[in-house]
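Here is a briefing on a ligand site and on aromatic pairing. Look at the structure first, then read the notes.

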Amino acid sequence: MIQLEEIRKDYQRRGQSLTAFQCESQRIEDGEYIAIVGPSGSGKTTLLSMLGGMLSPTTGRVLVDGISLYEHSVAERSAIRGQKMGFVFQSFNLIPYLSALQNVQIPLSFSAMPAIQQQERATEMLNQLGLAERLHHKPSELSVGQQQRVALARTLANDPQIILADEPTGNLDPSSREVVLEIFDQCHQQGRTLVVVTHDPSVAQRATRRLTLVDGMLVDENSTSAIAVPQISAA
Ligand code: ADP
Ligand code: MG
């Protein structure tokens, strides 16, 4: 479970303070599939980065399974991240001079897993994502959709309970987008928690809950069922 408590994030810009996100309290239960939606500049990336232990709030606490992320050292926080979380970015962040296989091995190399097992696991992940023929290709030798699948394989290699994604389908053609969405659906069925920032209505639709941001504030919250069954007042 992820909890936000009395969170505010201010940025300093040209000597002025700007509140990019604020929220009194919010809970994300294990196994939820959350879409964060809102216009550009509304604070989506700021929120996701704070949830992921990558950006400390100006005030307030972020708790993951009861652990207050920003009351730990940077090293402890990365360890918690490595154990529990996986990230997916619009820009994939693949290392250009490493092969697909080596890229997927990166997170595993921080674990105690022997090298040969790391390679087996990375191969298995790439096979699952339909990239068995592409293990030794560099990112530049892959299509954009294939690159995102390599990035997904890398994210999932550590078997994270929580997946945080920032515009993961933003750069993809429709068929690659569908592949990514199906993997997210599978992850959801496996009981993982997904928090996905998106402009894409088809992504937002598949989520079980939407958090809508306007000017750094959560303005709305609709569960899928509340939309599917509109409330009709008694006549
Ligand atoms: P979104 O992801 O919804 O587009 P962001 O979280 O990136 O929004 O940004 C929210 C607000 O904070 C915007 O006004 C943006 O310009 C500002 N902002 C984001 N990052 C920084 C930064 N590092 N320094 C100053 N202002 C920032
Ligand atoms: Mg953003």
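Twelve names make up the shell of ligand 1: Tyr 11, Arg 13, Leu 18, Ala 20, Pro 39, Ser 40, Gly 41, Ser 42, Gly 43, Lys 44, Thr 45 and Thr 46. A residue belongs if one of its heavy atoms lies within 4 Å of the ligand. The model is predicted: local features need pLDDT of at least 70, side-chain atom pairs count only at pLDDT 80 or more, and totals for chains, interfaces and linings use all residues. Residues are numbered from 1 along each chain as written, chains are lettered from A and ligands numbered from 1 in written order, and side-chain values use heavy atoms, without hydrogens and water.

**Shell make-up**
- Strand E1 (2-13), strand E2 (16-28) and helix H1 (44-51) each supply at least two shell residues.
- H1 gives the most, with three residues.
- The shell divides into four nonpolar, six polar and two charged residues; Gly counts as polar, Tyr and Pro as nonpolar.

**Polar contacts of ligand 1** (N or O pairs within 3.5 Å)
- A polar side-chain atom of Lys 44 lies 2.8 Å from a ligand oxygen.
- For a polar side-chain atom of Thr 45, the distance to a ligand oxygen is 2.9 Å.
- Gly 43 uses a backbone N or O atom, 3.1 Å from a ligand oxygen.
- Alone, ligand 1 exposes 560 Å², and the protein buries 66% of that (Shrake-Rupley, 1.4 Å probe).

**Aromatic pairing**
- With ring centres required to lie within 6.5 Å, the count is one aromatic pair.
- Phe 87 and Phe 89 are stacked (planes under 30 degrees apart), at 6.2 Å centre to centre and 10° between the planes.
- Phe 87 is buried (under 20% relative accessible area) because its relative accessibility is 17%.
- Phe 89, at 27%, counts as partly exposed (between 20% and 50%).

Definitions and conventions. Polar contact = N/O pair within 3.5 Å; in protein donor to acceptor, adjacent residues only side chain to side chain. Helix = DSSP H or I, 4+ residues; strand = E, 2+ residues; numbered from the N terminus. Phe/Tyr/Trp six-rings, centres within 6.5 Å; stacked < 30°, edge-to-face > 60°. Buried < 20%, exposed > 50% of the residue type's maximum accessible area, 1.4 Å probe, protein only.
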